[in-house]
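Open the model in your viewer and keep the selection panel at hand. This tour goes stop by stop.

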Amino acid sequence: MSFFQSVEQKEYIEKLEHAIQSFPERSEALDESKGFPFENIQELKDFGYPMLTLAKEFGGQGGSLYDFLLAQEKIAEYCGPTALGIGWHVGTVLSLTEKRPWEKEVMEEFFKEVSKGALVNTAASEAGTGSPTRGGRPETTAIKKGDQWILTGRKTFTTLSPVLDIFLVTAWVTEEEQMGTFLVHREVPGVLIEETWDMISMQGTGSHDLVLNEVVLPEKYYVMQKEPGKRIPEAWLLHIPACYLGIASAARNYAVEFAKTYSPNSLPGPIRDLPNVQRTIGEIELELAEARHFLYSVAEKWETQPENHGEISKELGAVKFSVVNKSISIVDKAMRVVGAKSLQRTNPLQRYYRDVRAGLHNPPMDDITITMLAKSALY
């Protein structure tokens, strides 16, 4: 079932797929070594993927949200951690390209750095505050001294940290009593990555701690103030469900191929002829189709109906909730088709099983989404 909107999209994804052929064969080694997919990221850079959503005026491809999601799903089919990691960069660039929220000079400086290969992500999570979507006040502080800012603190879950060039750091601006965002380059004195990421799921994202020891920044790098009480819908975060959908698609493909080819001597043919296997595969196909329809229909509405963003924004969290939970279900069903072999360490299904569950802990959280939907109906 195709969700391409144009021939150009289809051709781009085909070229991307050709460029990432080596990803699956590296996945097992990366998982066992707790390593980081440096080669994968470099191959994506060689392909030009980090500039997919950068505006053409800065040398990018001017890709849309829909383009982005198609690509994220495909990359995740080949390597989930690589997709989730690079997705934060490409999505951040998409958001900043569309909104241009900073001063023109700094905005253009940033885009030029991206055009030359710089990778970026936001560092917002902290151990003491949890997910930033829950509204906790950051313990990282920014203090004004003359015409400079001094940043001190520690950020967790800094995905893609081994290769990031720019960090967008949220901090509490003490003299203003509000939260702000600061642009921090990796090479600035006082910036340190502490390798704390040790997970059974999505290990390859390299989501280590970012430590800021009295980092001195020029005034211009205080790029954005957060308006109290104002939450802006972020459609680019749909890259999260797109990633987990890609992992589910990989599990589906493995299970289908297994059902077609595995033929125990107790049967006259492959297990695809068994009614229970056919039912499970059918349920997988249904859930996959439902998830894709929901994801891409909302993305298309977001792009084609800007006047309805307020209403459509209610569906963004619902997409993440539905797609991630369906993806978990799809991987589980794929393992039921394959049986005990799916638990072998050399079998990719056990890795898909661990990786796909990480989606439950990416924003927005399930409880927040359900509460929001309930309040939307009740008030």
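Start with two helices: H5 passes H7 in a right-handed crossing. Helices here are DSSP runs of H or I with at least four residues, numbered from the N terminus. A crossing is right-handed if the near helix is turned clockwise from the far one by less than a right angle.

Before going on, note that this is a predicted model, where local features need pLDDT of at least 70, side-chain atom pairs count only at pLDDT 80 or more, and totals for chains, interfaces and linings use all residues. Residues are numbered from 1 along each chain as its sequence is written, and side-chain values use heavy atoms, with hydrogens and water left out.

**Stop 1: H5 and H7**

Select residues 80-99 for H5 and residues 239-261 for H7. Their axes come within 9 Å and cross at roughly 165°. That makes H5 roughly antiparallel to H7 (angles over 145 degrees count as such). The axes are lines fitted to C-alpha atoms over the stretch in contact, and angles run from 0 to 180 degrees between N-to-C directions.

Now show side chains. On H5, pick Gly80, Ala83, Leu84, Gly87 and Trp88. On H7, pick His239, Ile240, Cys243, Tyr244 and Ile247. These residues make the contact (heavy atoms within 4.5 Å). Seven are nonpolar, three polar and none charged; Ala, Val, Leu, Ile, Met, Phe, Trp, Tyr, Cys and Pro count as nonpolar, Asp, Glu, Lys and Arg as charged, and the others, Gly among them, as polar.

**Stop 2: aromatic rings**

How many aromatic pairs are there? The count comes to 13, where rings of Phe, Tyr and Trp (its six-membered ring) pair if their centres lie within 6.5 Å.

Select Phe36 and Phe38. Their pair is edge-to-face, at 4.8 Å centre to centre with 65° between the planes (edge-to-face means planes over 60 degrees apart). Phe36 is buried at 10% relative accessible area, while Phe38 is partly exposed at 46%. Buried means under 20%, exposed over 50% and partly exposed in between, with a 1.4 Å probe and protein chains only.

Next, take Trp102 and Phe110. Ring centres lie 5.3 Å apart and planes stand at 65°, so this pair is edge-to-face. Trp102 is buried at 7%, and Phe110 is buried at 1%.

**Stop 3: Leu69**

Go to helix H4, residues 65-78, and select Leu69. Buried or exposed? Leu69 is buried, with a relative accessible area of 0%. Leaving aside residues up to four places away in sequence, Leu69 touches Leu238, His239, Ala242, Leu295, Tyr296 and Ala299.

Notes:
Angles under 35 degrees count as roughly parallel, over 145 as roughly antiparallel, 65 to 115 as roughly perpendicular and the rest as oblique. Rings of Phe, Tyr and Trp (its six-membered ring) pair if their centres lie within 6.5 Å; planes under 30 degrees apart count as stacked, over 60 as edge-to-face and the rest as tilted.
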